[in-house]
Amino acid sequence: MIALVDCNNFYASCERVFQPQYIGRPVVVLSNNDGCVIARSNEAKALGVEMGALAHEMEPFFQKNGVAVFSSNYTLYGDMSSRVMHTLQSFAPEVEIYSIDEAFLDLTTFKHYNLMEYTTEIKETVHQYTGIPVGIGVGASKSLAKAANKYAKKVHKDKGVYVIDNEEKREEVLRWLPLGDIWGIGRRNQSYFGVQHGVNSAWEFSKLSDEFVRQKMGVVGVRLLKELNGIPCIDMETIRPSKQNICTSRSFPKNIESKEIIEQAVGTFITRCGEKLRMDKTCAGVITVFLYTNRFRTDMRQHHGSLSVKIPIPTNHTPELMHYGMRAFEEIFKNGYLYKKAGVIVQDIVPQDQVQGALFQKIDRTKQTKLMDLLDSINGSMGQDKVRYAVSGYGREWRLRMEKLSNCYTTNWNEILKIKLR
DNA sequence: TCTGGGGTCCTAGGACCC
DNA sequence: TCTGGGGTCCTAGGACCC
């Protein structure tokens, strides 16, 4: 049996842990640049606040209805996530961290337990240890665990836990689960099977033939079909494979024309990519830089520049990444456009101890590695970009708008929670 | 005024091999 | 008359996830 543990309204819940006055009140969290709504508490959902609603349009509504509004605080959410995951790891031998707020637990060894009781204990413990409410679904496959989790949250709200441990319960959940809410059915397939072929529920989908599903969805669909019918086809991935791509990109809070400022942004993104590579102990063999004008402003001249540059010997040293990345930047930057977004992707990633050298070039990177280690340790303890590359500059123009940022209560001594005693 | 960021997997088709 | 058969690798694009 597999359990899926999913944090309820995760970002909103994180904010509430340290500002409990918002428990029971509507809370929303905004995207980068405070652009649109990306997370809502149940109270906010009940008020009809939509996912993706534009923040500036909603402002009067938020005021009127007493909705608490936060900028995204990924430092806080990331740390809260690792607390939740650590807690879960004490309940199962195999835990797959699936996303910032979700994990699969292999409960095979607990099959003789009362799983309702056991998962309820997990839920209560996570809440006690971290302050984060979770919902748990259990089933014979990952897809069934996902379905059970949805069912637990919507239908068995009081318990927040649901276990599919027999055929009747499987049918009950699948009959309830709308087609589009199946894990792996996105907009396209929902429209194909739902609108064109009259399939409305997961139950009806599960009765389709392999061939019919394969035609539209390939093997992915057939796997899903089997999973819903209780035959697990998607394995647990407890060891996180190293990433195949790493991307750092941002939209700017306003349109930017200046080459110098965009160069500062790109320089910073390259630095971030280097840090991420070194954190993963990997090196990249290709670096891509891209620049976009505002695609929503159809009245303005558009330019989508993107260029990939091969790095002769895969690296994770920032100066080298900077060299090739900036070469790409020089190629794609065009004067006279208003840029809205830029980013850097590193690809062809290999473990840093398996880097293929060049035939006629001896590689000795001891010095650079020492330098990078030192830089990472300084910036790690003193704060990001404390020591920075000159090209990154000090410009603020491109930096995220975060007007409603909460404190980093768990990662910064200066922002730790203060309690007054009377 | 404004509309996020970061990933994975699969497939088809082209280019190439013997 | 009748055009072999069986592979791999790479890339772009589509679909999906949170």
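**Exercise 1. How H11 and H12 pack**

Task: In this predicted model, at what angle do the axes of H11 and H12 cross, and is the arrangement parallel, antiparallel, perpendicular or oblique?

Solution. 
- Step 1. Two packed helices are described by the angle between their axes and the distance between the axes.
- Step 2. For H11 and H12, the axes come within 9 Å and the crossing angle is roughly 140°.
- Step 3. Angles over 145 degrees count as roughly antiparallel and those from 65 to 115 as roughly perpendicular, while the rest, apart from those under 35, are oblique. H11 is therefore oblique to H12.
- Step 4. As for its hand, the crossing of H11 and H12 is right-handed.

**Exercise 2. Who meets whom between H11 and H12**

Task: Which residues of H11 and H12 meet, and how do they divide by class?

Solution. 
- Step 1. Start on the H11 side, where the residues in contact are Lys-259, Ile-262, Glu-263, Val-266, Gly-267, Ile-270, Thr-271, Gly-274, Leu-277 and Arg-278.
- Step 2. Now turn to H12, which contributes Thr-318, Leu-321, Met-322, Gly-325, Met-326, Phe-329 and Glu-330.
- Step 3. Sorted by class, the contact of H11 with H12 has eight nonpolar, five polar and four charged residues.

**Exercise 3. Other salt bridges**

Task: How many salt bridges does the structure hold, and which partner does Lys-404 have?

Solution. 
- Step 1. The total is 17 salt bridges.
- Step 2. Lys-404 pairs with Glu-59, and their closest N and O atoms are 3.5 Å apart.
- Step 3. This pair, too, links distant parts of the chain: Lys-404 is in the segment after helix H13 (366-382), whereas Glu-59 is in helix H3 (residues 55-65), 345 residues away.
- Step 4. Both partners are partly exposed, with a relative accessible area of 30% for Lys-404 and 29% for Glu-59.
- Step 5. Another salt bridge joins Lys-226 and Asp-210 at 3.4 Å, N to O. Lys-226 is partly exposed at 32%, as is Asp-210 at 27%.

**Exercise 4. H1 against H4**

Task: Are H1 and H4 roughly parallel or roughly perpendicular, and which residues make their contact?

Solution. 
- Step 1. H1 and helix H4 (residues 74-89) pack at about 90°, with 10 Å between their axes.
- Step 2. An angle from 65 to 115 degrees counts as roughly perpendicular, so H1 and H4 are roughly perpendicular to each other.
- Step 3. H1 brings Phe-10, Tyr-11, Cys-14, Glu-15, Val-17 and Phe-18 to the contact, and H4 brings Tyr-74, Leu-76, Tyr-77, Met-80 and Ser-81.
- Step 4. By class, these are nine nonpolar, one polar and one charged.

**Exercise 5. Positive phi angles**

Task: Where do Asn-9 and Asp-348 lie, and is each of them buried or partly exposed?

Solution. 
- Step 1. Asn-9 is not a glycine, yet its phi is positive, about 40°. Asn-9 sits in the loop between strand S1 (2-7) and helix H1 (10-18).
- Step 2. Buried means under 20%, so Asn-9, at 17%, counts as buried.
- Step 3. Asp-348 also has a positive phi without being a glycine, about 50°. Asp-348 lies in strand S12 (residues 339-351) and, at 48%, counts as partly exposed.

**Exercise 6. The surroundings of Glu-227**

Task: Is Glu-227 buried or exposed, and which residues does Glu-227 touch?

Solution. 
- Step 1. Find Glu-227 in helix H10 (residues 210-228).
- Step 2. With 0% relative accessibility, Glu-227 counts as buried.
- Step 3. Leaving out residues up to four places away in sequence, Glu-227 touches Ser-141, Lys-142, Ser-143, Leu-144, Pro-232, Cys-233 and Ile-234.

Note on methods: Residues are numbered from 1 along each chain as its sequence is written. Chains are lettered from A and ligands numbered from 1 in the order in which they are written. This is a predicted model: local features need pLDDT of at least 70, side-chain atom pairs count only at pLDDT 80 or more; totals for chains, interfaces and linings use all residues. Side-chain values use heavy atoms; hydrogens and water are left out. A salt bridge is a side-chain nitrogen of Lys or Arg within 4 Å of a carboxyl oxygen of Asp or Glu. Helices (H or I, at least four residues) and strands (E, at least two) are DSSP runs, numbered from the N terminus. Buried means under 20% relative accessible area, exposed over 50%, partly exposed in between (1.4 Å probe, protein chains only). Axes are lines fitted to C-alpha atoms, for helices over the stretch in contact, and angles run from 0 to 180 degrees between N-to-C directions. A crossing is left-handed if the near helix is turned anticlockwise from the far one by less than a right angle, and right-handed if clockwise. Contact means heavy atoms within 4.5 Å. Ala, Val, Leu, Ile, Met, Phe, Trp, Tyr, Cys and Pro count as nonpolar, Asp, Glu, Lys and Arg as charged, and the others, Gly among them, as polar.
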